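Me: I would like to learn how to read the features of a model such as this one, going from the overall fold to the space left between its parts. Could you take me through it step by step?

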Amino acid sequence: MRWAFDVTAHRIAAYAVAGVLAAIGGVLMTWYNGRISPGSVGVVAMLNILIIAVLGGMRHPIGAFIGAILFVLVQNFAIDVIARERFNLVIGIVFLSIVLFSPDGLLGLWGYVRTRILAGGVQPKIRGWGVGSTRREPARMRNGGTAADR
C-alpha cells in the first residue's frame, strides 16, 4: 500500500500553526510587559534563536534544546571567566567552531564521536562475493574449476 501526502497542504498547515504560535507569543509578551514598542522587537533575540538552533543541530528535533542549554551555560559561566561585555565574543567563537568543525551542530558532532571514536572506528565487513568484496576466490574457481567441478 502506498501512501500519498499533499506536500503543499502540509506546508500551509505548518505555516498556519507557526503563525498561531507566533501570535500567541506576541500577545503574551505584550501582556507580560504591559506595552509594546518598536524597541521590544529586536534583532538580538532573533540572532540568539538562530545561534541556539545552529549550536544544537538543525537536523535534529532535540537540537534546539541542546543548543539552548549550551547557550545559557556559556552565558552564565562566561561572566566568571571574562567580563559580561565580552559574551558576544565567546559565543561567537563557540558558534564559529561548531559551524566549521560540525555543520550539523553538537548532535552531529556527538554522532561522529559515537561512531568513530567510541566504536573504535570499526568498519562493517563486506560479506559475500559481490563487487567490492575483500575475499579472494579460490584458485580452482579462477582457473575454471577442476574436472570434478564441471
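**Reading the fold and its pocket**

Reply: Let us begin with burial, keeping in mind that this is a predicted model: buried residues, those under 20% relative accessible area, make up 13% of the 150 residues in the protein chain.

Me: Which elements does the protein chain have, and how do they run from the N terminus on?

Reply: The protein chain has 6 helices and 0 strands, and from the N terminus on its elements run α-α-α-α-α-α. Among the contacts with a separation of 6 or more, 40% come from residues 24 or more positions apart.

Me: What does the accessible surface come to, and what part of it belongs to carbon and sulfur atoms?

Reply: For the protein chain the accessible surface comes to about 12,600 Å², and carbon and sulfur atoms hold 67% of that area.

Me: Which helices each supply at least two residues of its lining, and which gives the most?

Reply: Helix H2 (43-56), helix H3 (63-81) and helix H4 (87-101) each supply at least two lining residues, and H2 gives the most, with 4 residues. The lining includes Val44, Leu47, Phe71, Gln75, Phe87 and Asn88.

Me: How many residues of each class does the lining have?

Reply: Sorted by class, the lining of the largest pocket has 6 nonpolar and 3 polar residues, with no charged residues.

How values were computed: Residues numbered from 1 in each chain as written. Predicted model: local features only at pLDDT ≥ 70, side-chain atom pairs only at ≥ 80, totals over all residues. Heavy atoms only, no water. Buried < 20%, exposed > 50% of the residue type's maximum accessible area, 1.4 Å probe, protein only. Contact = heavy atoms within 4.5 Å. Areas by Shrake-Rupley, 256 points an atom, 1.4 Å probe, with all protein chains shown as cover. 1 Å grid on protein atoms, 1.4 Å probe; cavity = no way out; pocket = protein on both sides within 12 Å on 5 of 7 lines; lining within 4 Å. Nonpolar A, V, L, I, M, F, W, Y, C, P; charged D, E, K, R; others polar.
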